[in-house]
Amino acid sequence: MSGATVPRPLPAAISRTIPQPRPSAADPILDVRDVTLRFGGLTSLDGVSLRHGRGSVLAVIGPNGAGKTSLFNCLTGAYRPQQGSARFWPTAPASPTSPATPASPASPAGASVLAGVGERGVDLVGRSPHRVARLGIARTFQNIRLFPEMSAVENVQVGVEVRARAGALRGLVPTRAVRREEREILERSHLLLDFVGLRHRVRWPAGSLAYGEQRRLEIARALGTSPSLLLLDEPAAGATASERRDLVALIRAIVDQGVSVLLIEHDIRLVAAVARSIVVLNFGRVIATGSPEQIRSDPAVIEAYLGDSDDGADDGADDRAGDRAAGQPGDGADGREGRR
Ligand SMILES: Nc1ncnc2c1ncn2[C@@H]1O[C@H](COP(=O)(O)OP(=O)(O)OP(=O)(O)O)[C@@H](O)[C@H]1O
Ligand SMILES: [Mg+2]
C-alpha cells in the first residue's frame, strides 16, 4: 500500500454497518478459559486462558508451532477443543431506529442471532464457523484464502452477504427489497475496498493482485461481515516495510471503528505499535502475558525464542534478539488450517 492509500476514517455509510460499541478495555469481548486441543498424542493447546478487552488489540505471539492458529481455529469453529470454553460478548443490538443496513446488528437477522445473549455471553466452543461469523467474529487466514478468479469487489461481497437478510432467497425471489439489499451490499463492498486502500483494484481478479494487496482484500472481506471481533492471522507475512507501516494504520483505523482485534504476528515491533497487551504461547501453553515492554524482557519469552532459533526455525536474518519475535515472516504455509 502506498502512502497515498493509508486508510481514512470510514464514510458514514460504512460506519453505520460496523458495530460501534462504547469501547472499554475493562469490558470483555472474549474470555477464553482452559482451552485444550489434542490431535492424537499431540497437545496443540494446553489449558490456554486469555481475556480480551473490548475496543482494543490483543496480540498472540509465539514460535512456530506454538498453537496460535489452532487457537483461532478453536474460536471460529474449525476445531473443537476437547476442553475449555471461549465466552464471547457480541455487540448489543443497536437502537431499532438506527438505519437497518444488510449487515447491521439492528436488522432482524442480526437481532435474532443475538437474542438470548446475556451477561454471560455465548460460548463459541462447538459452534459452526457459519454461526460464529453471524455472531460477529471474522478472520483472515495465514494462508490467503480468496476466490482468485473472482474480482476484488466480488470477494468482498461474499463477506457482506454473510449477514444479509435475504440470504439464499435472494436469487429466487427478486423483490424490490432484495434488489435494494443487493445495491447496498455492492455499495458497502466498494466502501470497504476504499477503506483498505484497494479502490483502484475493484475489478481486478483477486489472484492477480500483489501479495500485500491480497492480504488487505482478505481484511476487507472479513470486515464485510460486520464483525465486532476480527482475528488476523499474520497479516504482515511477506509485507514490505512500507506495507507494514500501512498495516499499522489500517489496524488502528479498524479499532477506531469499534472493532476489537486479536492479532497473530511475528514482528514484535508491529505488535507493539498496535497492541497494549500480548499473550505469548509456546508448545500450546501461555508462558507470558503483559505489555510489549514486559514481554520483551520476560526471561521465559526470550528462552522460548532462543530455543526456536536454535532449532533453525527462526529466519536467522535478524539479530535483534527480543525485538523481532521469531519465525520466518513468509506465508507460513502449513496446509493444516481448517482441517478438523
Ligand atoms: N489439523 C491438525 N492435525 C494435526 N496436528 C495439527 C493440526 N493443526 C495443528 N496441528 C499441530 O498443532 C501444533 C500447533 O500448530 P499451529 O498451526 O497452531 O501453530 P502456530 O503457532 O500457528 O505456528 P506458525 O507460527 O508456524 O503458524 C503444531 O504442532 C501442529 O503441527
Ligand atoms: Mg499459524
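Student: In which hand does α5 pass α7 in their crossing?

Tutor: A crossing is called left-handed if the near helix is turned anticlockwise from the far one by less than a right angle, and right-handed if it is turned clockwise. Here α5 passes α7 in a right-handed crossing. Please note that this is a predicted model, in which local features need pLDDT of at least 70 and side-chain atom pairs count only at pLDDT 80 or more, while totals for chains, interfaces and linings use all residues. Residues are numbered from 1 along each chain as its sequence is written, and chains are lettered from A and ligands numbered from 1 in the order in which they are written.

Student: At what angle do the axes of α5 and α7 cross, and within what distance do they come?

Tutor: Helices (H or I, at least four residues) and strands (E, at least two) are DSSP runs, numbered from the N terminus. Axes are lines fitted to C-alpha atoms, for helices over the stretch in contact, and angles run from 0 to 180 degrees between N-to-C directions. The axes of α5 and helix α7 (residues 211–223) cross at roughly 35° and come within 7 Å.

Student: Which residues make the contact of α5 and α7?

Tutor: Two residues are in contact if their C-beta atoms, placed from the backbone, lie within 7 Å. On α5 these are Ala152, Asn155, Val156, Val158 and Gly159, and on α7 they are Leu217, Ala220, Arg221 and Ala222. The contact of α5 with α7 divides into 6 nonpolar, 2 polar and 1 charged.

Student: At what angle do α5 and α6 pack?

Tutor: Helix α5 (residues 152–161) and helix α6 (residues 176–195) pack at about 115°, and their axes are 9 Å apart. The crossing of α5 and α6 is right-handed. Among the residues in contact are Val153 and Val160 of α5, together with Ile185 and Leu192 of α6. This contact comprises 8 nonpolar, 3 polar and 2 charged residues.

Student: In what order do the 6 strands of the open sheet stand?

Tutor: Two strands pair if DSSP finds at least two bridges between them. The order is β6-β7-β8-β3-β9-β10, and the pairing is mixed. β6 (137–139) and β10 stand at the edges with a single partner strand each, so one side of each has no neighbour in the sheet. On average, neighbouring strands of this sheet are turned by 20° against each other, direction ignored.

Student: How many bridges join β7 to β8?

Tutor: Strand β7 (residues 229–233) is joined to β8 by 5 bridges, and the two run parallel. Leu232 stands opposite Leu263 in β8. A crossover is right-handed if, with the strands pointing away from the viewer, the path from the first strand over the helix to the second runs clockwise. The chain goes from β7 through helix α8 (residues 241–256) to β8 in a right-handed β-α-β crossover. α8 lies across β3, β7 and β8, running at about 150° to β8. Strand β3 (residues 57–61) is also parallel to β8, with 4 bridges, and Ala59 stands opposite Leu263.

Student: Are the two faces of β8 buried or exposed?

Tutor: A residue is buried if 20 or more other C-beta atoms lie within 10 Å of its own, exposed if 12 or fewer, and partly exposed in between. In a regular strand the side chains alternate between the two faces of the sheet. In β8, Ser260, Leu262 and Ile264 on one side and Val261 and Leu263 on the other are all buried. As 5 of the 5 residues of strand β8 (residues 260–264) are buried, the strand is largely enclosed by the rest of the structure. Across the protein, buried residues make up 47% of the 340 residues.

Student: Where is Asp34 found, and what is its phi?

Tutor: Asp34 is found in strand β1 (residues 28–39). Its phi is positive, about 55°, although Asp34 is not a glycine. Asp34 counts as partly exposed because it has 14 C-beta neighbours inside 10 Å.

How values were computed
Ala, Val, Leu, Ile, Met, Phe, Trp, Tyr, Cys and Pro count as nonpolar, Asp, Glu, Lys and Arg as charged, and the others, Gly among them, as polar.
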